[in-house]
Amino acid sequence: MMMRGGLRHLGQYLTRRLAQREGKSAARRGFASEAELKKTALYDFHVSHGGKMVPFAGWSMPIQYKDSIMDSTLNCRENGSLFDVSHMCGLSLKGKDAVPFLEKLVIADVAGLAPGTGSLTVFTNENGGAIDDSVITKVGDDHIYLVVNAGCRDKDLAHIEEHMKSFKSKGGDVDWQIYDERSLLALQGPLAAPTLQHLTKEDLSKMYFGDFCILDINGTQCFLTRTGYTGEDGFEISVPSENAVDLSKAILEKSEGKVRLTGLGARDSLRLEAGLCLYGNDMEQHITPVEAGLSWAIGKRRRAEGGFLGSDVILKQLAEGPPIRRVGFVSSGPPARSHSEIQDERGDNIGEITSGGFSPCLKKNIAMGYLKSGSHKAGTKVKILVRGKSYEGVVTKMPFVPTKYYKPPK
């Protein structure tokens, strides 16, 4: 009964949650109606393929297609998925001082990246909190390519611009280029590489997780990053918007229908199974990268030198330990949802769920959230409150589903 109930409500819950999140954002930004939502270059393509469109971060995006969210999630892990993520913002920082400029704003060792490689990083504020997470790539010593979240675009760009003006006023050489004329596709799953290989002459077997290159795909120059948000091997493809539909058609055709168009619903369950943060749920401006379990993204040199916003707070947490920690959970009863209270076995409050749901792959409830340090070890039994009732839970290591990133042989 739990499994059937979880599946029945999964799509309804995700639709409602996305709509609620967008409703709050719309109220802040003054969006009045669905007609004012932005549309990606693939909007008509989504609708023609049965995409169920919902508001998300100011855009009209597909939450699912004809497949259920359950089936879409499983197909991504078994075969592959094609996501339209054009609502996200791609941009480049260019100039001889692009690297030292960016290192003032993020925790990554950007200077230490080899050209053509990248990493997940976090933009921090003066208090060490996360403004946003981002995948950054060092194209060269004078060129950094990055992608920021759609819901954070306005504040991210304002933050970067403010600091860039100050940096340039002191003689720094850096500028930016925002790629609003390009679309972004995410091709994920076991068939991602063999499918994409049919569309390019470049040897993708020599391109590993985190690598970046500019190459011809399906007759169009694209930015290609071997990365993703599902825990599977895959790519993010930045393509001129006028070529986005043709490229999508070619990918679906070359996979012989095994790679399917996939929406936000399955994307959410896939990233949760992979233990990946969703900004606005699992990371916010009062959460530090250390608390979020992203200490690994702070480069060794950055730990020694600091020099980024909030580094004093973050380096202190690295030395002394953070007060709270992001961890995973498996639970009984109905799936735990964002803001569900976590209690110890005595009934004392020790934390809060930030994301949760029914795992299509594991066929059980999974969640992530924050616990007080000392209560965070794997195997610790907890109580999770869902709609006023208490259910058994246990702290569990993440990812819940093993990741399959394509990495160099050891």
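Which residues point one way from β3, and which point the other way? In this predicted model, G80, L82 and D84 point one way from β3, while S81 and F83 point the other way. Strand β3 covers residues 80-84 and is mostly covered, with five of its five residues buried.

Let's look at the partners of β3. Strand β13 (residues 259-261) pairs with β3 in the parallel sense, whereas strand β9 (residues 182-188) runs antiparallel to β3. You can follow L82 to both partners: L82 stands opposite L261 in β13, and the bridge partner of L82 in β9 is L187.

Now for another part of the model, the barrel. Six strands close into this barrel, in the order β14-β17-β16-β15-β18-β19, and their pairing is antiparallel. From one strand to the next, the twist averages 40°. Helix α8 (residues 264-273) packs on the sheet, where α8 touches β16 (349-359) and β17 (364-372). The direction of α8 makes about 125° with that of β16.

Within the barrel order you will find β18 next to β19. Strand β18 spans residues 381-386 and strand β19 spans residues 389-396.

| Strand pair | Sense | Bridges |
|---|---|---|
| β3 and β13 | parallel | three bridges |
| β3 and β9 | antiparallel | four bridges |
| β18 and β19 | antiparallel | six bridges |

Conventions. Residues numbered from 1 in each chain as written. Predicted model: local features only at pLDDT ≥ 70, side-chain atom pairs only at ≥ 80, totals over all residues. Heavy atoms only, no water. Pairing = 2+ DSSP bridges. Helix = DSSP H or I, 4+ residues; strand = E, 2+ residues; numbered from the N terminus. Axes fitted to C-alpha atoms, helices over the stretch in contact; angles between N-to-C directions. Contact = heavy atoms within 4.5 Å. Buried < 20%, exposed > 50% of the residue type's maximum accessible area, 1.4 Å probe, protein only.
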